[in-house]
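Reader: I would like to learn how to read a protein structure, one feature at a time. Please give the general idea, then the case at hand.

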Amino acid sequence: MRASLIQIAVNPDESVNSRRERMASLVREEAGADLVVLPELWPTGAFAYELFAAEAESLNGPTYEAMSKAARDAGVWLHAGSIVERTEDGTLYNTALVFSPDGELAATYRKIHRFGFDKGEAVMMGAGDRPVTVALPDTRIGVTTCYDLRFPELYRTLVDQGAETLVISAGWPERRRAHWTLLAQARAVENQSFVLAVGTAGTHADVPQAGHSIVVDPWGEVLAEAGAGEEVLRVEFDPARVAATREQFPALKDRMLGLDTPSPRR
């Protein structure tokens, strides 16, 4: 299976419309890939909170239109990163879009774990409540976004739903890049799954981005890793290795579920 992770910079001097056009062109250049993955909130920037309301769009808005056509033109499965979605009642969500090679919207995922604690995304956006997997011809992907990477229970749920390849679309800050790599490898090892994690490059909203998009195999080995700048990370991997790994080292069969949670000691 051939995957392309498109790591771009979100430059404030480039308009959102121009960036959509540029991203669509980059997707079309990946014709021949099976899966193309884009970063989180690339139209606005994951930390550009002041733009969220102004640049919010409906699910079938301009990013949908541009990415649907790009997926169809390239003939690829496209995880189009995420957008700031505005619903009819005015609620904002950090929503990922997945398109099939014919340009149809195959799935949406509203980010469950919102970053910011008491500011930014955590207070400006609603929380999703539904884990999402998508069946591709050769693998089932689990769709997650950025801060989700820190919550292993979500990935266990995706594995229980049949996920073999875990996809993380992110806008991860450079100051926590070590966590990015560590957690991507941990999610791969503990779930015996491939991990495809793509982030952004450059700096936006005064937050330097980590870049270093990464692909990890079910044993935790890094198959490919980008640098800090704009880059298309291309990799080939065999999804059948997931079943082989789980058979060879059947750790997932030893999970102990339904354990009582002890009360904290006083």
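Reader: What should I know about the model before starting?
Author: This is a predicted model: local features need pLDDT of at least 70, side-chain atom pairs count only at pLDDT 80 or more, and totals for chains, interfaces and linings use all residues. Residues are numbered from 1 along each chain as its sequence is written, and side-chain values use heavy atoms, with hydrogens and water left out.

Reader: How many helices and strands does the chain have?
Author: Helices (H or I, at least four residues) and strands (E, at least two) are DSSP runs, numbered from the N terminus. The chain has seven helices and 14 strands.

Reader: What radius of gyration does the chain have?
Author: The radius of gyration is taken over C-alpha atoms, and the globule rule is 2.2 Å times the number of residues to the power 0.38. For 266 residues the rule gives a compact globule a radius near 18 Å, and the chain agrees because its own value is 18 Å. Its C-alpha atoms fill a box of roughly 50 × 50 × 35 Å along the principal axes.

Reader: What share of the residues counts as buried?
Author: Buried means under 20% relative accessible area, exposed over 50%, and partly exposed in between (1.4 Å probe, protein chains only). Of the 266 residues, 54% count as buried.

Reader: How is empty space found?
Author: Rolling a probe the size of a water molecule over the atoms shows where empty space is left. On a 1 Å grid over the protein atoms alone, a cavity is a set of points where a 1.4 Å probe fits but cannot get out; a pocket is an open set with protein on both sides within 12 Å along at least five of seven lines; lining residues have an atom within 4 Å of a point. Grid points are joined across faces, edges and corners, and a volume is the space filled by probe spheres set on the points.

Reader: What is the volume of the largest cavity, and which residues line it?
Author: One cavity of 30 Å³ or more is counted. The volume of the largest cavity is about 40 Å³, and its lining includes Arg-20, Leu-41 and Glu-55.

Reader: What is the volume of the largest pocket?
Author: The largest pocket has about 160 Å³. It is lined by 16 residues, and those closest to its centre are Phe-47, Phe-115, Cys-146, Tyr-147 and Gly-171.

Reader: Is Ala-3 buried or exposed?
Author: Ala-3, in strand β1 (residues 2-7), counts as buried because its relative accessibility is 2%. Contact means heavy atoms within 4.5 Å. Leaving out residues up to four places away in sequence, Ala-3 touches several residues, among them Leu-35, Leu-196 and Phe-237.

Reader: Where is Glu-65 found?
Author: Glu-65 is in helix α3 (residues 62-74). Glu-65 counts as partly exposed, since its relative accessibility is 48%. Between Glu-65 and Arg-20 there are 45 residues in sequence and 9.9 Å in space, C-alpha to C-alpha.

Reader: What is phi for Asp-206 and for His-212?
Author: Most residues other than glycine have a negative phi, and most peptide bonds are trans. Asp-206 is not a glycine, yet has a positive phi of about 65°. Asp-206 sits in the loop between β10 (203-204) and β11 (207-208), and is exposed because its relative accessible area is 76%. His-212 has a positive phi near 50°. His-212 lies in the loop between β11 and β12 (214-216), and counts as buried because its relative accessibility is 16%.
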